[in-house]
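Please read it with the model open beside you.

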Amino acid sequence: MTGLTFELLCMQLLTGIALGSIYALLALGLCLIFGMLNVVNFAHGAFFMVGAFMGVYFLGLTGNFWFSLILTPIVTGGLGLLTERFLVRPLYGRGIDYPLLLTFGLSYVLIEAMRVAFGIEGLPSVTPDSLKGSLDVGIGFFPKYRLFLIAATAMIILAVWFFIQKTKYGLIIKAGAADQEIVKVLGIDIAKVWLLVFGLGCAIAGLSGILASPTRSVNPEMGIPILAESFVVTVVGGMGSPVGAVVAGLLVGVVYSMTSLFFPDLSELSIFVLMAVVLLIRPQGLFGKAGAMG
Amino acid sequence: MKQKVTNQTRRKMLIGGAAAASTPLWMNIASAQSDTIKIGFPTPLTGPFSAEAQDQVKAAELAIKEFNDAGGFNGRKAELLVRDDKLNPGEAATRTLELIEKDKVNFVVGSLSAATQLSINAVCKERKVLFNSISQSDAINEAKDWSVYTFHEALNPTMTAGAVARYSIPRFGKKIVFLTADYAYGHEMVRAFERAGKEMGATTLADIRHPLGASDYSAFLPRIKALNPDILVLCNFGRDLVNAAKQCTDFGLKSSMKIVTPVLLYTSRLAGGPEAFEGIIGGTSYYWGLEDRIPTAKAFNDAFRKMYNGSVPSDYGALGYAGVKSVLASIKAAKSTETMKVVTAMENLKYDWYKGPEYYRKCDHQAVQTVIIVESKSKNMKDKYDVFNILTIEPTTEKNMRSCAELGHKA
């Protein structure tokens with residue numbers, strides 16, 4: 001390819017990181033739920049989509065992006081709590097496929113609900129005024145919003161890490177993932193922990209939805225392709241490994257971006273090739289423990 | 001795409017039910033009038049083009065109503081039999097066959113995708129039923145797909161992409177980059193744009209092909225920026241176009257190049273919003289704003305507004321209207337509903353339904369018509385329908401189409 005410069009490569013890398021941020025965030029929520037509850041949440045993409053719709057809706061209502069950034073995860077998180085309590089909970093102990101099918105069905109209910117509420121064409125999404133335009137990052141101009149996206153994702157990931165590593169609740173969650181019997185014996189209501197983790201995962205999905213919304217069109221089907229991509233990320237990172245989710249998310253974004261530069265028509269394929277290669281070398285994923293699927 | 005297929009099954013009940021209720025299907029069964037003129041109308045009521053498809057049905061119903069209100073043909077009324085083809089070529093062929101065999105339709109009008117219209121055409125060709133296609137395709141007029149029963153009311157990529165090239169290259173420059181959805185229709189748009197561009201000395205710096213249905217285009221944009229073309233041509237459609245336009249805007253591409261697209265749809269613009277599409281130029285078959293200069297457009301819009309609570313027809317909606325109207329007018333001209341007589345009448349039809357004078361070229365039955373070049377507005381919009389400025393109208397001429405010989409037709 002002619003005209004390949006250092007600046008172009010750096011720009012492509014940055015684009016990949018911005019792209020990967022959303023993957024990382026989505027995969028993080030997915031893997032929290034899987035790691036703790038052993039539930040493969042097929043409605044995760046739908047929560048992402050609902051988050052995007054809620055984000056645009058609240059933004060239209062309040063005119064304040066920051067406010068809707070807080071409100072949206074509360075709504076999707078609340079929806080997640082209800083889902084766990086009334087839909088997923090009765091299926092515990094019946095194997096991995098029951099909740100999988102349930103959440104798969106739920107995703108279609110959510111898609112249909114958004115169609116009824118907002119129409120089939122979706123909503124035009126808006127970038128907040130303060131984040132419009134682009135910024136000179138030394139190698140050229142990059143959209144301000146995507147820089148914000150990278151920073152916001154980093155902060156959210158750090159916050160989740162802090163919550164799990166440094167708080168009492170995090171300790172319980174980790175203990176619960178390792179051995180729920182012992183946690184129960186210690187007198188902790190494990191059901192509450194599961195409820196919380198599911199809600200947290202869905203809140204993160206909704207948050208990624210609103211964060212992604214200014215960069216793409218908001219429509220009822222937007223969660224479906226990205227769900228497939230986040231599963232690739234979780235598998236590459238290792239099922240149930242939060243660190244793996246984050247690293248693999250960024251990796252997938254960068255691989256996609258770099259392939260787009262050299263072989264644009266293969267960009268979509270590239271992440272699946274990456275998955276195949278990782279699985280051949282490390283069947284449990286980059287950071288996964290062997291036999292995580294139980 | 002895989003996810004669309006699974007969506008459609010469930011949606012069928014919802015929208016299919018509503019569509020069935022809105023067509024006079026039940027009445028027809030009850031009275032079993034054998035002498036109504038039946039027009040089969042397969043179109044993707046579910047799936048990513050459903051907004052356009054539903055508008056097609058609304059406008060086609062208007063054409064039926066006008067025909068019936070005017071007394072029909074010797075007292076025979078017309079009716080529309082709408083079927084959901086789910087944007088799936090196989091489904092479209094099945095539905096069309098049912099319309100012909102079971103419902104005994106006299107004519108078929110409809111479709112909204114290059115692939116489904118070709119499969120509908122194949123069925124109609126075999127059964128010798130007149131089909132007036134209202135979706136864009138280059139292939140349908142080529143000798144191998146075409147039959148004497150095939151009419152093409154819609155524009156084709158040669159006409160739209162060509163017109164956009166002829167408008168934009170002299171104004172903005174000759175260095176071109178394409179961002180193309182990697183499927184037949186995308187490739188056809190590129191081919192047509194390059195064909196028109198060649199005459200004006202334009203050069204293609206790159207044709208970057210992206211997978212159909214990509215949601216993020218940012219990874220393609222740094223390279224486009226580095227190539228620094230005069231014109232970036234977005235050869236994609238629907239939601240792909242909405243996402244691409246949005247991200248090109250975000251990456252500041254508009255400051256150094258002009259962004260154009262062969263087909264700038266009214267519905268895409270509504271979905272994408274003013275900001276994403278600001279300043280983007282494209283071709284279209286119709287925009288309601290033509291009513292300021294074309295009386296038939298005014299009459300069509302007014303009739304549509306009256307029937308549908310003040311809303312205005314979209315470009316593909318207008319095609320639904322014209323597609324049905326041409327067939328019905330030809331029945332009157334032929335004084336018969338016999339297929340071959342109507343075919344001959346349609347070949348001789350000179351009409352002006354909504355956008356100025358049109359006719360079907362004899363060799364390939366392509367509707368010779370104007371291409372409207374519009375620019376998306378972001379300021380001084382009167383209401384939510386006010387989205388485009390009409391820049392120019394490329395007049396009706398066969399010169400800008402591929403010649404009959406080129407398409408493989410004799411004579």
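The points below take up a group of strands and then a pair of helices.

1. This is a predicted model, in which local features need pLDDT of at least 70 and side-chain atom pairs count only at pLDDT 80 or more, while totals for chains, interfaces and linings use all residues. Residues are numbered from 1 along each chain as its sequence is written, chains are lettered from A in the order in which they are written, and side-chain values use heavy atoms, without hydrogens and water.

2. Strand E6 of chain B (residues 175–181) is mostly covered, with six of its seven residues buried, that is, under 20% relative accessible area with a 1.4 Å probe and protein chains only. Strands here are DSSP runs of E with at least two residues, and helices are runs of H or I with at least four.

3. E6(B) pairs in the parallel sense with strand E7 (residues 203–210) of chain B over seven bridges, where pairing requires at least two DSSP bridges; within this pairing, Leu179(B) has Ile208(B) as its bridge partner. E6(B) also runs parallel to strand E8 (residues 231–235) of chain B, joined to E8(B) by five bridges, and there Thr180(B) is partnered by Cys235(B).

4. Helix H12 (residues 315–334) and helix H13 (residues 339–347) of chain B pack at an angle of about 105 degrees, with their axes 8 Å apart. H12(B) is therefore roughly perpendicular to H13(B), a term covering angles of 65 to 115 degrees. The contact (heavy atoms within 4.5 Å) includes Val327(B) and Ile331(B) of H12(B) and Val342(B) and Met346(B) of H13(B).

Methods: Buried < 20%, exposed > 50% of the residue type's maximum accessible area, 1.4 Å probe, protein only. Axes fitted to C-alpha atoms, helices over the stretch in contact; angles between N-to-C directions. Parallel < 35°, antiparallel > 145°, perpendicular 65-115°, else oblique.
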